[in-house]
Amino acid sequence: MPHAHQTQWPGVIYWFRHDLRLHDPVALAHACWLAQSSGGWLLPVFVHDTRDQAMTRWGFDRVGPYRRAWQSMALQDLQSQLQGLGSDLLQGRGHPVQVLSEWVQALGQPLVVCEDIVAPEELDDLWALRERGVKVEAIWQSSLVAPESMPFKPSEVPDLFTAFRQKLERHGSAPATPAQSITALPPLPPEPLYEMAQTMAGARPEDLLPPMVRPDRRSAFDWGLASLHGGEQAALAHLAQYVRRGLPHRYKATRNGLLGLDYSSKWSPWLATGALSARTAWAAIAEFETAHGASKSSDWLRVELLWRDHFRCLHHKHGRRLYAAHGLGKAPPPQHDEKAFMGWRMGQTGHDWIDAGMRELAATGYLSNRMRQNVASYLIHDLGCDWRAGASWFEHCLIDFDVYSNQGNWLYLSGRGTDARANRRFNPDVQAEQYDPDGVYRRTWV
Ligand code: FAD
């Protein structure tokens with residue numbers, strides 16, 4: 001650990017972003033250490049970003065009610081755990097740069113610590129905070145393998161996933177062991193300061209109420225059930241039961257399933273808010289393999305988690321270029337057909353396989369990987385629409401929206417990403433026949 005800067009600041013604001021948990025708390029533990037070693041306070045905060053309610057260029061709100069409801073469950077759980085440790089979670093509402101700057105000013109220029117997110121808008125926010133004189137330390141923590149343990153510089157990350165994985169394996173770059181959970185926290189700021197921060201937070205209690213929605217009961221991930229609550233405690237319980245029931249040994253055979261909870265891990269919704277850490281999931285598989293033996297299936301599940309790392313690394317390497325209409329390639333920008341896009345969103349393309357997927361997504365906020373690939377391919381390659389419009393609709397709907405994985409997968413399927421094989425089209429008739437031979441999935445949703 002570096003030496004704590006001698007108190008140039010009275011305390012530390014810990015800004016929770018996509019890390020709503022107390023286990024494997026790399027950045028939060030660092031913030032606690034900085035606060036403790038300087039004898040200062042620690043104020044945990046979260047900002048409800050009002051940009052999420054803004055209209056996208058494609059004609060709908062950026063974040064839909066399901067994701068807001070899912071996130072608010074994680075916040076609820078986090079707040080009650082923080083309160084159990086004598087602290088709290090101060091929630092504000094507005095533009096994060098504005099809200100944080102005001103808190104910093106009112107609280108006597110504390111240091112802000114947060115997790116590092118290397119997507120364009122998130123990077124711009126940090127830049128804007130620093131421009132306003134806010135001292136911010138952003139700590140990378142969301143990948144399995146720490147960047148410094150990788151055998152290549154961020155600018156030299158292999159573009160192809162297989163080369164990325166093989167290089168990591170050959171170099172023995174294992175995921176970091178999860179950090180110890182937080183069991184104690186530094187004190188909150190003194191009462192008058194804390195009260196002032198509360199009154200400035202810009203969020204009335206009614207602004208913080210979750211939207212009253214629940215997913216359709218047919219969902220493969222019915223997060224209306226108590227066992228699938230959005231908080232960290234349910235995330236860890238779900239992970240524990242998944243390995244206890246030996247499901248890593250069945251993953252490879254079932255992963256292309258479409259109906260029911262167990263065909264895949266369903267870790268992604270919790271990974272997205274950070275209620276579950278990827279390193280903790282990896283450690284659970286490793287422990288399972290030690291006790292019950294490794295199999296091709298358990299290995300496959302670990303490889304899937306590495307895809308998540310790869311899309312993070314590609315952001316480190318290519319940054320904003322991943323967001324350009326033409327992606328990383330040189331092909332002309334995509335066409336767009338607004339009417340076809342609307343039909344796709346509403347699950348009214350006339351193709352029952354695609355419509356089933358789109359209706360499941362709209363009614364639940366979750367979709368299997370198989371169907372994500374199919375509906376994305378259909379929008380891009382059959383309907384001739386702009387891949388960014390599809391990515392934006394997924395951002396609106398998905399409770400497991402993750403900026404790196406969503407952008408990366410859409411770009412990949414559009415053929416404009418790092419693996420630019422010309423034709424990424426999935427034949428929907430062949431796919432429906434192969435993965436839904438008896439039509440049960442289509443009849444469930446259409
Ligand atoms: P499992 O099959 O059990 O896999 C375990 C974990 O591995 C997942 O939780 C996820 O963290 C990781 N993983 C698996 N496949 C991928 C992949 N292709 N890319 C990156 N990570 C992967 N995943 C998201 O988490 N958020 C997104 O916003 C997202 N958008 C997507 C958009 C498109 C067009 C496509 C084709 C895929 C997208 N995915 C996204 C990847 C994948 O579909 C989901 O991670 C997966 O379906 C989640 O269910 P699961 O947790 O049961 O996955």
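A: Let's start with Glu169, which is partly exposed at a relative accessible area of 49%; buried here means under 20% relative accessible area, exposed means over 50%, and partly exposed is in between, using a 1.4 Å probe and protein chains only. Before going further: this is a predicted model, so local features need pLDDT of at least 70 and side-chain atom pairs count only at pLDDT 80 or more, while totals for chains, interfaces and linings use all residues. Residues are numbered from 1 along each chain as its sequence is written, and side-chain values use heavy atoms, with hydrogens and water left out.

Glu169 pairs with Arg165 in a salt bridge, at 3.3 Å from N to O; the term asks for a side-chain nitrogen of Lys or Arg within 4 Å of a carboxyl oxygen of Asp or Glu. Both residues sit in helix α5 (residues 161-171), four residues apart, about one turn of the helix. Helices (H or I, at least four residues) and strands (E, at least two) are DSSP runs, numbered from the N terminus.

In total there are 22 salt bridges in the structure. Take Asp125 with Arg51, where the closest N and O atoms are 2.7 Å apart. Asp125 belongs to helix α4 (residues 120-131) and Arg51 to the loop between β2 (41-49) and α2 (65-84), so this pair ties together parts 74 residues apart in sequence. Asp125 also counts as buried, at 7% relative accessibility. Asp386 and Arg388 are joined by a salt bridge too, at 2.7 Å from N to O, and Asp386 is buried at 4% relative accessibility. Shared partners link Asp49, Arg51, Arg62, Glu121, Asp125 and Glu395 into one salt-bridge network.

The largest nonpolar core has 45 residues, and Phe341, Trp344 and Trp410 have the most contacts inside it. Such a core is a set of buried Ala, Val, Leu, Ile, Met, Phe, Trp, Tyr and Cys residues joined through side-chain atoms within 4.5 Å. Helices that each supply at least two residues to this core include α11 (296-318), α13 (352-364) and α16 (403-414). Leaving aside neighbours within four places in sequence, Trp410 touches Trp344, Ala376, Leu379, Ile380, Trp387, Gly390, Ala391 and Phe394, with contact meaning heavy atoms within 4.5 Å. There's also a second, separate core of 42 residues, with Ala69, Trp223, Ala278 and Leu306 among its members. In soluble globular proteins, nonpolar side chains tend to be buried together.

Leu100, in helix α3 (residues 96-106), is buried at 0% relative accessibility. Beyond its neighbours within four places in sequence, Leu100 is in contact with Ile13, Trp15, Val45, Val47 and Leu129.

Now the ligand. Of the 28 residues around the ligand, Tyr251, Ser264, Ser265, Lys266 and Asn369 come nearest; a residue is near a molecule or strand if one of its heavy atoms lies within 4 Å of it. An N or O atom in the side chain of Asn369 is 2.7 Å from an oxygen atom of the ligand. The side chain of Tyr366 likewise has an N or O atom 2.9 Å from a ligand oxygen. Asp400 comes in through its backbone, with an N or O atom 2.8 Å from a nitrogen atom of the ligand.

Back to Lys266: this residue is in the loop between α8 (251-254) and α9 and is buried, with a relative accessible area of 2%. Its phi is positive, about 60°, although Lys266 is not a glycine. Gln109, also not a glycine, has a positive phi of about 60°; Gln109 lies in the loop between α3 and β4 (111-115) and is partly exposed at 34% relative accessibility. Most residues other than glycine have a negative phi.

Last stop, the cysteines. A search of the whole structure finds zero disulfides, the test being a pair of cysteine sulfur atoms within 2.5 Å. The sulfur of Cys114 is too far for a bond, at 14 Å from the closest cysteine sulfur, in Cys32. For Cys313, the closest cysteine sulfur is in Cys114, 19 Å away, again too far for a bond. Cys114 is buried at 0% relative accessibility, and Cys313 is buried with a relative accessible area of 6%.

Terms used: A polar contact is a pair of N or O atoms within 3.5 Å; within protein, one must be able to donate a hydrogen and the other to accept it, and residues adjacent in sequence count only if both atoms are side-chain atoms.
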